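Student: Can we go through the disulfides and salt bridges in this one? Keep it quick.

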Amino acid sequence: MTKPPKSTPLLHADKPLRSRARKPRDPSQPGLPLDPMPARIEPCLALLKPKPPKGDQWTFEVKWDGYRVAVHIEPKGIRILTRGGHDWTHRFPTIAAEAQQLGVATAIIDGEAVVLDERGRSDFNLLQHSLGGRGGKLNSGASVLMAFDLLYFDGHDLTQTELSTRRHLLEGLIVTGRESAIRLSEEVEADGEQLLKAACEHGLEGIIAKDRNSTYRAGRLGDWLKIKCIQSDSFAIVGWEKSMVARGHIGSLLLGAKKDDKLVYVGSVGTGIKDSEAWKLRGIMDKLKAARAPVAYSGRRKDITWLKPKLIAEIEYRAWTSDGKLRHASYKGQREGEDAAVILEL
């Protein structure tokens, strides 16, 4: 049998060949090219629309009423950041503990921290109460994260990946069907108008529509839409009208919204302020008195106290009047200053 020819060495060297020095691999990360984990990702926000969109690219979810948060699962531990970037990990201990048990090295989960009522509906007032009210220091053991997006996973930035893929990975991460502190906000395959009708009949706030082909982009760019049963937005409290017969002597709150980077007056609200909250609210407002009106105001000025526009209120309303004022407004509660709630832009 003929012997094969001897191979010729490709390289001749007097010393053993060695590869270049390699950086040590992070044992908590997979052995693939890694994307640096961002300290924070500016959130994608839903644009308010009067009715649901049509088209196969749209997927729908329930609209949850709570605090928007991002849960960061990092090699050093868990961080829960508000929409404004403030660390509220200590305020949501059950969510943080559940995140630690997900069995993933690194991830950023986008969702809404809520407290559910006996019918499984999110209730903003229950959430505020569990946190001790505005400025409270309580930890909310009753809070639940309704997770709806995955922005970073096992060393990989997913923000440039389409929503359908991000959702697929999120669904593999969160176990469904059990009452844990982190739950999946389910996608609903349905006609948008029928789903909105059903949501309103069940006392929900509304629905969210998302373009399943969209990447994750910060701001209100129309990739996500919100359609509400009852309109609800954040407004600045710019003043209050005194009434000796009202709780806390607060006859009404005067409200402002942003227009062209300026505050404009959008009407007042006198209903929805609970007795237990009225005097506490009055105490806060007494410390924010302003020498002049922060908005242009042509109405009756007697018994009005103007305020520095630092308090943010969540207000429900049915519609707008032709002159740009809220119709059938009702006070829902205060937004935390640390949450950097963005007031409505007209």
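Tutor: We'll take the cysteines, then the charged pairs. This is a predicted model, where local features need pLDDT of at least 70, side-chain atom pairs count only at pLDDT 80 or more, and totals for chains, interfaces and linings use all residues. Residues are numbered from 1 along each chain as its sequence is written, and side-chain values use heavy atoms, with hydrogens and water left out.

Student: How many disulfides does a search of the whole structure find?

Tutor: One. A disulfide here is a pair of cysteine sulfur atoms within 2.5 Å. Cysteine 200 is joined to cysteine 229, S to S 2.1 Å.

Student: Where do cysteine 200 and cysteine 229 sit?

Tutor: In distant parts of the chain, 29 residues apart. Cysteine 200 is in helix H4 (residues 192-201). Cysteine 229 is in the loop between strand S10 (224-228) and strand S11 (231-242). Helices (H or I, at least four residues) and strands (E, at least two) are DSSP runs, numbered from the N terminus.

Student: Why is the disulfide left-handed?

Tutor: Because the torsion about the S-S bond of cysteine 200 and cysteine 229 is about -100 degrees.

Student: Switching topic. How many salt bridges does the search find?

Tutor: There are 18 across the whole structure. A salt bridge is a side-chain nitrogen of Lys or Arg within 4 Å of a carboxyl oxygen of Asp or Glu. One of them pairs lysine 210 with glutamate 61, N to O 3.0 Å. Lysine 210 is in strand S9 (residues 206-211) and glutamate 61 in strand S2 (residues 58-62), 149 residues apart. Both residues, lysine 210 and glutamate 61, are buried.

Student: What does lysine 63 pair with?

Tutor: Glutamate 205, with the closest N and O atoms 3.3 Å apart. Lysine 63 lies in the loop between S2 and strand S3 (67-74), and glutamate 205 in the loop between H4 and S9, so the pair ties together parts 142 residues apart in sequence. Lysine 63 and glutamate 205 are buried.

Student: And lysine 228, which residue does its side chain meet?

Tutor: Glutamate 205, in a salt bridge of 4.0 Å, N to O. Lysine 228 is in strand S10, 23 residues from glutamate 205. Lysine 228 is buried.

Student: Which residues do shared partners join into one network?

Tutor: Glu61, Arg167, Glu171, Glu187 and Lys210.

How values were computed: Buried < 20%, exposed > 50% of the residue type's maximum accessible area, 1.4 Å probe, protein only.
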